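Subject: Handover of the two-chain model

Dear colleague,

I am passing on the structure below, and would be grateful if you could read it alongside the notes that come after it.

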Amino acid sequence: MGINLGYFARESFTNFRRNWVMSLGAVITIYLSLLLIGVSLVAGVVLTEIVKSVEDKVSVQVFLKDGAATEDVQALQAFVKTDPLVKSVEYTSKEEALVRFKEQMSTSPEILEQIDDNPLPASLDIELTDPREVESVVAKVRGSDLFLKVADRPDDPEKSLKYGEGIVRKLFAFTRIVRMVVAVFVVMLAGVSLIFINNTIRLAIYARRKEIGIMRLVGASNWFIRTPFLMEGVLQSLLGAVLAIASVLVLRSAILPRLREAVPFLPVGITVSTMVQLSLILTLAGVLIGLIGSGFALRKYLRV
Amino acid sequence: MPHMISMRGVEKIYPPDKPALTDCNVEIESGEFVFLVGHSGSGKSTFIKLLQREILPTRGQIIVAGQDVVRLKNWKVPYLRRNIGCVFQDFKLLPNKTTYENVAFALEVIGRSRHVIRTQVPEVLRLVGLEEKTTSYPDELSGGEQQRVSIARAFVNRPPILLADEPTGNLDPATSLGIMSLFNRINKTGTTVLVATHDREMVDSMRKRVIALESGRVIRDQHRGVYGYGD
């Protein structure tokens, strides 16, 4: 086998050199599609992280009218607490609300100056075990008599409830659309790469039809004839994959810091293990594209 | 002792309905030297291609070197071909390889070790009388020399059968004589040799077994025969 491996490697490199324009075309096509796959995977990871962090921030606030009876408030708190979807219920008094508000607005003192007495209501802050179930918790609260009794605005109970209406759902819908668009692009580009490899290998076969004829004549086994071409396809794909991985790394170090600066409140980050996984996925995808593309060309144009 | 080559009731019809061989029954023993003669289009090339399994017959049975060619699995065809050396009118040499490399190529691609290549190639080049031309490229060789290279390539693996399709078609009579005596020498080593030709003088002077084809039928099969055809 020692001789054979050397022979195959030599043959596929020679082919690559001989048709380097076509090979380059194939490499670039694979590179671009793998780059897109890589970038979209990274974007997917980042988006998922962001969605998760937004989910954690989803909570329900029940605003209470001034002077609501303490026992009613505690009863409502206890009632809400019985729901398994509820993680915790905290009571925030008018004073605490004002303190918190002042903290948040510390950068705009002119707003604080406008406030003389305390306009903020007291509230119950409900945290959920599963943010996606926010609607059902809200419905339960809304339907209880206790809530109507203590609500800030009994005439319009909706206004007394605040929760991240649909934010999570919208975010999910958005990421789904992004993923679908990317998936369609990836599939299309993968198709183009396959066609390109197919063409390159076809040219390589054509350039060497005489040799192939003689190989068949003297009884070279089918795999012996096919292997250099398969290896050429895989070689092209591997080159494309290496380029794509390098580009993703460059993009990561160029864009991530800026992104973090722009949106400091969002956890934007890619771990090393994610990058390793990504590299493996891209390499594997490249090899697969190479094998399938050249395999298809061999089936069609090299009947040995 | 089974026949080296055996055809029974072989018929080949090229699509859609062009008959090339009809009811062909031929048996060739191990070590025989046989001429296959006939006009162009008489079915000689079809006969050769069937033995190599370049093509399959429409019906009939073909046995070559103990293998049922018709039933042979695709992936086994290369191993059948290792038993059959082939020589053609147009030599089929690789122009960018030297004499030595052209012959070595045949061993390389069937996975022979370097040691085997280094001993067998010079030996077969000596047999065909080209030991002085090992580093020449095909375009530096005469037609006869090129054909010797192609014979060396066909024989370097010592196959039990050597097929030749119009091997002297491009050569002058004197050179052809040399090629034929080379075939004769190879035949003396025990190799079965089948030469398709329409070189009348050659056939008449060698007095070997002659199988004559006409319009795809075997019209004559005689030992120590001549080319025939009174015309």
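This is a predicted model: local features need pLDDT of at least 70, side-chain atom pairs count only at pLDDT 80 or more; totals for chains, interfaces and linings use all residues.

Residues are numbered from 1 along each chain as its sequence is written, and chains are lettered from A and ligands numbered from 1 in the order in which they are written.

In chain B, helix α3 (residues 99-108) and helix α4 (residues 114-127) have axes that come within 10 Å and cross at roughly 130 degrees, which makes α3(B) oblique to α4(B). Axes here are lines fitted to C-alpha atoms, for helices over the stretch in contact, with angles running from 0 to 180 degrees between N-to-C directions; under 35 degrees counts as roughly parallel, over 145 as roughly antiparallel, 65 to 115 as roughly perpendicular, and the rest as oblique. Helices (H or I, at least four residues) and strands (E, at least two) are DSSP runs, numbered from the N terminus. On the α3(B) side the contact involves T99(B), Y100(B), V103(B), A104(B), L107(B) and E108(B), which meet V116(B), I117(B), Q120(B), V121(B), V124(B) and L125(B) in α4(B), where contact requires C-beta atoms, placed from the backbone, to lie within 7 Å.

Turning to the strands of chain B, β1 (residues 5-14) and β4 (residues 59-64) run antiparallel and are joined by five bridges, pairing being assigned if DSSP finds at least two bridges. I5(B) has V64(B) as its bridge partner in β4(B), and V64(B) also stands opposite Q67(B) in β5(B). Two bridges join β4(B) to β5 (residues 67-68), again in an antiparallel arrangement, and these two strands form a hairpin with two residues between them, where A65(B) in the turn has a positive phi of about 50 degrees.

As for the contact between the chains, 15 residues come from chain B and 15 residues from chain A. On the chain B side, α2 (77-81) and α3 each supply at least two residues, and the largest share, three residues, comes from α2(B).

Chain A has eleven helices and four strands. Among contacts in chain A between residues at least 6 apart in sequence, 87% join residues at least 24 apart.

With best wishes

Methods. Two residues are in contact if their C-beta atoms, placed from the backbone, lie within 7 Å.
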